[in-house]
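Here's a quick briefing to read alongside the model. Have a look at the structure first, then go through the notes below.

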Amino acid sequence: MTVSTGPVPRPELSGLAAYSSVAPGPVPVRVRASSNEAPGGLAGPVLDAAVAAVGGASRYPLIGGGDLAAALASSLGVAADAVAVADGALPLLDRLLLAYVRPGDEVVMAWRSYEAYPLSVQVAGGRPVGVPLTADGAHDLPAMAAAVGPATRIVLVCNPNNPTGTVVPWDALVSFVDALPPDVLVVLDEAYTEYDERPRPDDAAVAALADRGNVVVLRTFSKAHGLAGLRAGYLVASSAVAGAVRSVLPPFPVSSVAVAAALASLAHPDVLADRVAGTRVERSRVRALLAARGLPALPSSANFVWLPLAERAVDFADLCRAHGLLVRPFAGEGVRITVGDPHLRAVLGEVLDVWCRG
Ligand SMILES: Cc1ncc(COP(=O)(O)O)c(C=O)c1O
């Protein structure tokens, strides 16, 4: 008699690390600064639109989130078929990997970067190739270009980078893309782009880059738009690449409620701009507070700051948690603190009082 071991998942899935989250500590949570969310709930007109859409949610949304894709294409000045929408940037990245990565293909990325990247690449059957950040937490583009080989299918550029908050200058980015083989797809993950204060290329320049055929611009409504719990994201690429991603997406990749909220957020750029401006102000204040206590954070272009605390990272995060402040430690590397919550500085100040005494 043969002994059945039960159904066996694909070998790539064994030993896969879990996407981590920061668990609350012994005291009630006062400020959640561990997941780079926007504070304060949905803005008025966005909330109204989402609530109104719930009543009609017995119907399917449009196929492919067509209404949201059309609005995005028209605001970005690209063809409608150059946009693909789904329930977040990460699900879109997963579909892109599904469409382009064959078993054993390599995906080059800076490391440390967004923790989901290597997991997604492994799930797709690919091999993540991490290229160390420079000493100041930035992408090392020459080293990344050198890591591209015959097996490389995709290069991920997280800009601004999670968790260090650093950015790649636009000119360097364009030269980097120019120097890569045309069959290597470059994914520019712009999840935090709204928080970047540098004069940025206009949407036409971004769209022109995406139109090259081997560049994908990935964006989300989870961060500055504040819709993390509703789930909506999009990518802009050539029609061929966006079409390949659409072909592996489910027919209804984004809910009607998320579409309504995303459309309302796009229709109120003033609300978005106010929230982003508030977060940028908080970011400078938090950096100033940390610097005043001898803990300089890296300059950041995102809604978080990075403290390169190395071996002290986990201790610092544990102390924060004991004060009801959730921050994200990366053992042996540093601590990422999401900014924007107006109560953050008060609680962080209490933590720093104890930390600096110890
Ligand atoms: C760099 C980066 N890309 C993508 C995502 C995921 O975005 P979404 O919520 O749209 O899936 C995150 C979320 O933290 C992120 O930090």
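Which residues lie nearest the centre of the second largest pocket? They are Glu194, Asp203, Arg219, His225 and Leu272, out of 18 lining residues. Keep in mind that this is a predicted model, where local features need pLDDT of at least 70, side-chain atom pairs count only at pLDDT 80 or more, and totals for chains, interfaces and linings use all residues. Residues are numbered from 1 along each chain as its sequence is written, and side-chain values use heavy atoms, with hydrogens and water left out.

**Pockets**

- A pocket here is an open set of points on a 1 Å grid over the protein atoms alone, where a 1.4 Å probe fits, with protein on both sides within 12 Å along at least five of seven lines; lining residues have an atom within 4 Å of a point.
- The second largest pocket holds about 430 Å³ of space, a volume being the space filled by probe spheres set on the grid points, which are joined across faces, edges and corners.
- Its lining splits into six nonpolar, four polar and eight charged residues (Ala, Val, Leu, Ile, Met, Phe, Trp, Tyr, Cys and Pro count as nonpolar, Asp, Glu, Lys and Arg as charged, and the others, Gly among them, as polar).
- The largest pocket has about 560 Å³ of space, and of its 29 lining residues Tyr19, Ser35, Tyr114, Tyr192 and Lys223 are the closest to its centre.
- For the largest pocket, the lining is made up of twelve nonpolar, ten polar and seven charged residues.
- Helix H3 (89-100) gives the largest share of that lining, three residues, and strand E7 (215-220) supplies at least two (helices, H or I, at least four residues, and strands, E, at least two, are DSSP runs numbered from the N terminus).

**Salt bridges**

- The count is 15 salt bridges, each being a side-chain nitrogen of Lys or Arg within 4 Å of a carboxyl oxygen of Asp or Glu.
- Arg102 counts as exposed because its relative accessibility is 51%, while Asp105, at 7%, counts as buried (buried is under 20% relative accessible area, exposed over 50%, partly exposed in between, with a 1.4 Å probe and protein chains only).
- Arg321 and Asp318 form a salt bridge at 3.5 Å; both sit in helix H11 (residues 313-322), three residues apart, about one turn of the helix.
- Arg321 counts as partly exposed because it has 27% relative accessibility.
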